[in-house]
Amino acid sequence: KDMTGIRQRGGRYQIRLFGGQDPVTGKQVMLTGSAEDEDAAIKLRDKFRRQVAEATAARTSVTLGYLLDEWLAGHQVEETTRTSYRVAIENFLKPAVGDTSLTRLAQLGARPFEQLYAELRICRRRCKGRQFIEHYTQGEHKCDKRCAPHTCKPLSVSSVRECHAVLSGALSAALRWGWITVNPLEAVKRPRQQHPQPSPPSTEEAARIVSAAWEQDADWGTFVWLTFITGARRGELLGLTWEHLNLSAGLLTIRRNLVRQNGMTVIKDTKTHRMRIVNLDPETVAILTAHKQRAEQQCAELGLTLDDDSFVFSYAPDHRRHCDPDA
């Protein structure tokens, strides 16, 4: 019998086979296993040989958590998206499969990922029926009413799909880098996106909302009216300056979006990274014209002029500072 790569230790047989050079650590990758008898050991050794010959054996011993950190560090993406990816990695992916090596994931295939998605759709903490107290902080503290028994809250489908997108990007990168030879996520069934079921207000309800906003404040009424007319996102309207409005032609150009990120307000591209032009009806043009006249009057009282780069919606009397989107 060919016993190359097999040695007997006690009552069992150990198999060790060289699988190549680890592209990350530079160390040798060894495929190891054990069996109860010679025939089983030879069978396992030959299986390892086929994996090496067919390039289906994982080529690095690093963990998925290490891969996720390396991928995210060099991934070209908007900072807001990077923050969202980091939340998915630290809160959902690393606690579940972050310590698992790429070698093991290649052996297990699609099941660990589909099982993770199913668990997250039941409970984002993956409690599996355990009873525990959810503390409001991880540091030392004295429990009060903010520390309450755990209640299962499923992770939204969109968040689960984001986890899938992060895993897909990282494992695809590992395949390009030569860390793995097979991407186990290719066989994973992607979580299905639910069709949106919007429930917009009726014409009568919209009129009541706008009227109530105008009774409170003319600028607030203008903002609510423009939201109804354009369908623009909150941050897109708050990022508008007067250079984006051509009132004589009745055109509104949306080029950017104002968002909150890590406690800071950032002006960036629109969510779709595309500009768009909205045709305004005469009533909306009249409302925006009156809004601009009020802004010009406020600036005149300060001895200033309303520039084209001033914000359309602002708390500041000189309109040089945008509104806070969280307000």
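A: A residue is called buried when its relative accessible area is under 20%, exposed when it is over 50%, and partly exposed in between (1.4 Å probe, protein chains only). Helices (H or I, at least four residues) and strands (E, at least two) are DSSP runs, numbered from the N terminus. The model is a predicted one, in which local features need pLDDT of at least 70 and side-chain atom pairs count only at pLDDT 80 or more, while totals for chains, interfaces and linings use all residues. Residues are numbered from 1 along each chain as its sequence is written, and side-chain values use heavy atoms, with hydrogens and water left out.

The part to examine is helix α7, which comprises the 14 residues 203-216. The expected span of a helix is 1.5 Å times one less than its number of residues.

Which residues of α7 are buried? They are Ala206, Val210 and Ala213. These residues lie on the same side of α7, because they cover an arc of only 60° around the axis; the arc is that of the directions from the helix axis to the C-beta atoms. On the other side of α7, the residues Glu204, Arg208, Glu215 and Gln216 are exposed. The cover over the buried residues of α7 includes helix α8, residues 218-230. Contact here means heavy atoms within 4.5 Å.

Contacts can also be followed from single residues elsewhere. Thr284 belongs to helix α10, residues 282-301, and is buried, with a relative accessible area of 1%. Apart from neighbours within four places in sequence, Thr284 touches Trp225, Leu226 and Ile229. Leu252 sits in strand β7, residues 251-254, and its relative accessibility of 0% makes it buried. With neighbours within four places again left aside, the contacts of Leu252 include Thr230, Leu240, His244 and Ile277. The C-alpha atom of Leu252 is 42 Å from that of Glu70, a residue 182 places away along the chain.

From α2, Leu64, Leu67, Leu68, Glu70 and Trp71 take part in the meeting, and their partners in α6 include Val166, Leu171 and Trp177.

The loop between α5 (111-122) and β4 (133-134) contains Arg126, whose phi is near 50°, a positive value in a residue other than glycine. Arg126 is partly exposed at 22% relative accessibility. Lys128, in the loop between α5 and β4, has a positive phi of about 55° although it is not a glycine, and is exposed at 65%.

Finally, a disulfide is a pair of cysteine sulfur atoms within 2.5 Å, and the count by this rule is 0. The sulfur of Cys143 has its closest cysteine sulfur in Cys147, 3.8 Å away, which is too far for a bond. Cys143 is partly exposed at 45%, whereas Cys147 is buried at 12%.
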